[in-house]
Amino acid sequence: MATFKDFRNSVKPNWCPGCGDFSVQAAIQRAAANVGLEPENLAVVSGIGCSGRISGYINAYGVHGIHGRALPIAQGLKMANRELTVIASGGDGDGFAIGMSHTIHAIRRNMDITYIVMDNQIYGLTKGQTSPRSAEGFVTKSTPKGSIEPSMKPLELALAAGATFVAQTMSSDLKGMTSLIEQGLKHKGFSLINVFSPCVTFNKVNTYDWFKEHVKNLSDIEGYDPHNRIAAMRVLMETEGLVNGLIYQNTERQSYESMVKGFKEEGLVKQDLTIEEAKFQQL
Ligand code: SF4
Ligand code: MG
C-alpha cells in the first residue's frame, strides 16, 4: 500500500521558503495515501501560477495546463477514464478570475473531481498584483492607492451554483487540511476546497498570523450542520467567508458522469481496445 512518500517525486519545488503551497502538497500526498490510492490511480491537473507548479511535484499522472483551464482538462480526463481519481488545483487568480466561468459551471455540473484552490489573495507568480480575492483597499503595484473593488466571495457563489461539497482550510493546519482533502476525495461529486495559502513574499497583509487571528473554526460553532445549505450561506456571509472546516455537503445528488448515457462505466483503456477500436466505439 502506498504511503505519502510514494506520492513525492524527485523534482525540488521552487516555491519561496515559507510559501503555503508546500503544506498543500504534503496534505494532498497524505490524503491520497490515507484513502488508499496508488500513484497510478491519481491525476493532478493544475493551471498557471505559483501554485500551478504542484502537478509537477507529485508522483502521479499530471498536467500543468493553461491559465484558468485546469477544470476543463480535469473534466475531460475524468470522462475519459472514470476510474481515475482526479484532483484539479491552482490559485485564486487562476480559478476565480480568468477561470471563474469554468469554476462555476464545473461546480454546477458536479463531476467527481476534487478542486483545491491555493488562495493567497494576490498574484504571486507575476510578482504581486491585486487578485479578485484581495480585499477592498489592498495596496499592490496594480492598485497603488488601494483596490476600490470588493473581493470575490467564491464560496457563496459555489453554494448559489449548486455545490455539493464546499470546504475551507488553512495551509498551516496540516491535519485539518488533510482530513478535508480526504473527505473531498471520498465525496461522489465536485468538491471545492479553498485553502488559505499565504504568499510570504508579496502579501504582507494576509499572513499566517493574520489568518490565525481572523479565521473562525466551524467546529467551535455549537450545532453547526454542514448539510444545511442556508446555514452554510449564513455562516459565510456573517464571517466574511473566513471560516475553517467543512461548510457544506450534499450526498443526495448524483455525479455528472454517473448520469451520462452512452459511455461504458469502465474507461475505454480498461477494455483492452486499440485506439482505432476505441475511436469506433465512441462514434
Ligand atoms: Fe509562494 Fe508567493 Fe513565492 Fe509564489 S511568490 S512561491 S505564492 S511565496
Ligand atoms: Mg494567488
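Colleague: Which residues does Ile-247 touch, not counting residues up to four places away in sequence?

Modeller: This is a predicted model, in which local features need pLDDT of at least 70, side-chain atom pairs count only at pLDDT 80 or more, and totals for chains, interfaces and linings use all residues. Residues are numbered from 1 along each chain as its sequence is written, while chains are lettered from A and ligands numbered from 1 in the order in which they are written. Two residues are in contact if their C-beta atoms, placed from the backbone, lie within 7 Å. With residues up to four places away in sequence left out, Ile-247 touches Leu-155, Val-166, Ala-167, Gln-168, Leu-218, Pro-226, Ala-232, Val-235 and Leu-236.

Colleague: How many residues has the largest nonpolar core?

Modeller: A nonpolar core is a set of buried Ala, Val, Leu, Ile, Met, Phe, Trp, Tyr and Cys residues joined through C-beta atoms within 7 Å. A residue is buried if 20 or more other C-beta atoms lie within 10 Å of its own, exposed if 12 or fewer, and partly exposed in between, with C-beta atoms placed from the backbone. Val-166 and Ile-247 have the most contacts inside the largest core, and its number of residues is 56.

Colleague: Which element supplies the largest share of this core?

Modeller: Helices (H or I, at least four residues) and strands (E, at least two) are DSSP runs, numbered from the N terminus. The largest share amounts to 6 residues, and they come from H1.

Colleague: How many of the 14 residues of H1 are buried?

Modeller: Helix H1 covers residues 21–34. The buried ones include Val-24, Ile-28 and Ala-31, and the buried residues pack against strands E1 (42–46), E3 (85–91), E4 (113–119) and E6 (191–196) and helix H6 (174–186). H1 is mostly covered, its buried residues numbering 10.

Colleague: Is Pro-39 buried, exposed or partly exposed, and why?

Modeller: Pro-39 lies in the loop between H1 and E1. Among the residues that it touches are Ala-2, Phe-7 and Asn-59. Because Pro-39 has 17 C-beta neighbours inside 10 Å, it counts as partly exposed.

Colleague: Is Gln-121 buried or exposed, and why?

Modeller: Most residues other than glycine have a negative phi. Gln-121, although not a glycine, has a positive phi of about 60°, and it lies in the loop between E4 and helix H5 (154–160). Because Gln-121 has 26 C-beta neighbours inside 10 Å, it counts as buried.

Colleague: Is Lys-127 buried or exposed, and why?

Modeller: Lys-127 is placed in the loop between E4 and H5. Its phi is near 75°, a positive value in a residue other than glycine. Because Lys-127 has 11 C-beta neighbours inside 10 Å, it counts as exposed.

Terms used: The expected span of a helix is 1.5 Å times one less than its number of residues.
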